[in-house]
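Take a look at this protein model.

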Amino acid sequence: MRVPASLRPEDMAALPLSEAKTLPACAYADPAFHAFERQHVFAASWQLLARAGQLDKTGDHVVAECAGRPVILVRGNDGMLRGFFNVCKHRAGPLALTDGNARQLQCKYHGWSYTLEGQLRAVHEMQEAKDFDIACIHLDPISTGVWQGLIFAAVQQPPVPLENLLAGITERFAPIELGQMEFHSQVAYDLECNWKVYVDNYLEGYHLPHVHPGLNRLLDYRSYSTHTAEWYSWQHSPLDGSPGPYAAGEAHYYFVFPNLMLNILPGRLQINRVLPVSQRQCRVLFDYYYADIESAAVRKMIEEDLRFSDEVQKEDIGICERVQQGLESGSYTAGRLSPRREAGVHHFQELVRRRYRQVVSGK
Ligand code: FES
Ligand SMILES: [Fe+2]
């Protein structure tokens, strides 16, 4: 797959932040980028798909989409976690339709069955098929990895091991251990904008005073800072602890390329995943975790947190959808970035550009 024709070579050049322009409008508005980025940005990137607690026991499985492909994660008889395309080798039927536990993976179309390790083990009415050897038929595997109780997968070999992708994050927020946090709930939002509009917006606090007056009162805008590592960036702000749902302390907002966000606040973890749906639509999943989800006092705090987070998200959705319309208007090609406030946007867009360049150079 080649780079979409609307992308000019000069749009892909790497520039330092003080000279950089944003990605060109075509990268958000041209439908050719949807399939292109699915293949070249998402297929070989680690995608968060599940929590370790969902795959504790032999036979536990989770069905998911990874870079737009149907996949299944399975705990095998040997205790190993594996991932496969959820695609039967007979005529591409699904091995499972929902999460669950099973002794084998039986295709939902014509009933061929596979071991939990992905080996075809039983078929029926295939006696007359010549040179048909079930021992040679195996589900296509995908890469999997576990970090802090979170399960990741990739449908193509990612350029870096999962530990390298996330290196340094755990140490920085110690002694908090994300794996110890309890999952509370998931909320999904459907947005009428390209996935990169949402990511760009997440990566800067520049819009805070204008789009989120409520949140801005809780965060100290002046000491809001952005840092970058190779594959991720993080924003950091002290919280004053009042008023609102958050205790005093610090807020850390990690963005892991290409579409994962870890929002770490005192006693609370919120994970966002931005999933492209079409060129101008994305779905954002919010997973809420807390250090404690039981006590009555905490339940009230959680309720308030969910309400406030929903309010902030709706403010972001409103602006992101208007930005998408602006990008499609024909009146915008690319703009300049604030070196003080938009280092995270630049870092993300440089990683996107690097992928575009790698495709051009055939790497
Ligand atoms: S497609 Fe799986 S058994 Fe036919
Ligand atoms: Fe925002």
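A nonpolar core is a set of buried Ala, Val, Leu, Ile, Met, Phe, Trp, Tyr and Cys residues joined through side-chain atoms within 4.5 Å. Keep in mind that this model is predicted.

Start inside. In soluble globular proteins, nonpolar side chains tend to be buried together. Here the largest nonpolar core holds 95 residues. Trp 147, Phe 152, Leu 191, Tyr 198 and Tyr 356 have the most contacts within it. Helix H8 (residues 296–327) gives the most to this core: 7 residues. Domain 1 (9–43 + 173–361) and domain 2 (47–157) both contribute residues, so the core lies between them.

Now zoom in on Trp 147. Leaving out residues up to four places away in sequence, Trp 147 touches Phe 152, Leu 162, Leu 166, Ile 169, Thr 170, Phe 173, Leu 178 and Leu 262. Another core, of 14 residues, lies apart from the largest one. Val 74, Leu 95, Leu 105 and Cys 107 are among its members.

Next, the sheet. Three strands form an open sheet in the order S6-S7-S8, with antiparallel pairing. Strand S6 (105–106) and strand S8 (120–122) are at the edges with a single partner strand each, so one side of each has no neighbour in the sheet. S6 pairs with strand S7 (residues 113–114) over 2 bridges. Leu 105 has Tyr 114 in S7 as its bridge partner.

Finish with helix H9 (residues 343–361). At 1.5 Å a residue, its 19 residues should span 27 Å; the end C-alpha atoms are 26 Å apart, which agrees. Its buried residues include Phe 348, Leu 351 and Tyr 356. The buried residues of H9 pack against several elements, among them helix H5 (195–202) and strand S13 (232–239). Gly 362 follows H9, with a positive phi near 75 degrees.

Key: Residues are numbered from 1 along each chain as its sequence is written. Chains are lettered from A and ligands numbered from 1 in the order in which they are written. This is a predicted model: local features need pLDDT of at least 70, side-chain atom pairs count only at pLDDT 80 or more; totals for chains, interfaces and linings use all residues. Side-chain values use heavy atoms; hydrogens and water are left out. Buried means under 20% relative accessible area, exposed over 50%, partly exposed in between (1.4 Å probe, protein chains only). Helices (H or I, at least four residues) and strands (E, at least two) are DSSP runs, numbered from the N terminus. Domain bounds come from an automatic or database domain assignment. Contact means heavy atoms within 4.5 Å. Two strands pair if DSSP finds at least two bridges between them. The expected span of a helix is 1.5 Å times one less than its number of residues.
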